[in-house]
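Please walk me through the side-chain contacts in this protein, taking the charged pairs and the aromatic rings in turn.

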Amino acid sequence: MPITPAATVEEALTYSDAEKTILEDVYDGDDQINTSAFYVLLRRAAMLPEGRDVLDQAEQPNPKSFWQEPRRYRGRLVRLEAIYAGRVTNYTKNLSPNRWWGKRPVWMMDVVEYQTNKPVIVALTKKPPGIAIGARIRISGIFYKVVTLPENKQTGDPSQKHDYPIIVAKSIFLFQRSISGGAPFGAVILSMSVILLIVLFIMLRRYITHRADAIKSRLFPEITPSSPEEDEVDEELRREVESYLAEKRDTERPED
């Protein structure tokens with residue numbers, strides 16, 4: 001069946017009666033991934049619109065609810081933040097031919113939910129871009145179920161089993177940090193760099209001024225101030241000067 005992208009999130013998640021019945025028959029806690037419900041959700045995820053509207057319109061429940069109340073979120077668009085655990089697997093060869101998805105490619109990404117620090121599996125209908133291990137990402141996808149699977153033999157102990165929620169998504173979003181009420185992180189870094197340059201310029205100017213004063217003082221030493229005795233004014237001389245100035249004012253005053 002061809003997959004036609006939907007114009008809205010609501011349209012993409014408008015399940016038919018047959019699809020609703022398939023989702024109602026899903027069980028949590030087993031090890032089954034490739035069920036009819038999985039293929040239905042892959043199809044619906046591929047129909048989701050492109051862009052961040054999908055992220056903005058998704059529910060963001062308490063992440064613990066994915067383990068505690070999986071049936072409540074079955075088939076609903078949810079959002080979570082996670083840390084990329086460093087493994088993306090091409091899952092296509094494990095798929096069975098079916099009317100909902102056919103043999104289109106699927107990728108499985110291992111992530112760790114940011115708040116609970118628990119592993120989550122993300123099934124992607126589009127191959128994800130290269131991401132550094134430990135990168136923080138946002139995921140907006142359709143909740144499928146909780147499966148119980150052994151640890152990967154290459155990275156863990158296969159005798160140990162864990163519950164893994166599965167989110168079926170079209171793509172992922174890289175986490176963009178915001179500071180000061182939404183200012184882009186890059187803009188903040190640029191502003192801080194400009195401030196730092198200004199501070200360095202002021203410090204350099206003060207250093208140059210200080211060095212110039214020091215050199216000037218060595219080349220042109222100041223005259224040593226006279227002693228307090230030398231600074232004292234002769235009292236008799238002061239009186240004579242004042243008397244002379246008074247007489248000069250009287251002689252220059254116009255006659256009445």
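**Salt bridges and ring pairs**

Asp110 and Arg87 form a salt bridge in which the closest N and O atoms are 2.5 Å apart. Because Asp110 belongs to strand β2 and Arg87 to strand β1, this pair ties together parts that are 23 residues apart in sequence. Arg87 is partly exposed, its relative accessible area being 32%. The model is a predicted one, and every distance and angle given here should be read with that in mind.

The structure has ten salt bridges by the rule applied. Another of them joins the side chains of Glu19 and Arg44, at 2.7 Å from N to O, and links distant parts of the chain, since Glu19 is in helix α2 (residues 17–24) and Arg44 in helix α3, 25 residues apart. Glu19 is buried, with a relative accessible area of 2%, and Arg44, at 8%, also counts as buried because the cut-off is under 20%. In the salt bridge between Arg72 and Glu69 the closest N and O atoms are 3.3 Å apart; here Arg72 is partly exposed at 47% relative accessible area, and Glu69 is partly exposed at 32%. Salt bridges also link Glu50, Lys126 and Lys170 in a network.

Turning to the aromatic residues, the structure holds five aromatic pairs. In one of these, the rings of Phe38 and Tyr91 have centres 6.4 Å apart and planes at 90°, so the pair is edge-to-face. This pair links distant parts of the chain, with Phe38 in helix α3 and Tyr91 in the loop between β1 (77–90) and β2 (107–113), 53 residues apart. Phe38 is buried at 0% relative accessibility, and Tyr91 is buried with a relative accessible area of 12%. The rings of Phe66 and Tyr73, with centres 6.0 Å apart and planes at 80°, likewise make an edge-to-face pair, and both of these residues are buried. Ring pairs also link Phe38, Tyr39, Tyr91 and Tyr144 into a cluster.

Charged side chains meet rings as well: Arg99 lies over the face of Trp100, at 4.4 Å from the ring centre, while Lys118 lies over the face of Trp67, at 5.1 Å from the ring centre.

A last stop is Arg52, which lies in the loop between α3 (36–47) and α4 (53–57) and is partly exposed, with a relative accessible area of 38%. Leaving aside residues up to four places away in sequence, Arg52 touches Arg138 and Phe173. Although Arg52 and Phe173 are 121 residues apart in sequence, their C-alpha atoms are 8.2 Å apart in space.

Technical notes: Residues numbered from 1 in each chain as written. Predicted model: local features only at pLDDT ≥ 70, side-chain atom pairs only at ≥ 80, totals over all residues. Heavy atoms only, no water. Helix = DSSP H or I, 4+ residues; strand = E, 2+ residues; numbered from the N terminus. Buried < 20%, exposed > 50% of the residue type's maximum accessible area, 1.4 Å probe, protein only. Contact = heavy atoms within 4.5 Å. Phe/Tyr/Trp six-rings, centres within 6.5 Å; stacked < 30°, edge-to-face > 60°. Lys NZ or Arg CZ within 6 Å of the ring centre and 35° of its normal. Salt bridge = Lys/Arg side-chain N within 4 Å of Asp/Glu carboxyl O.
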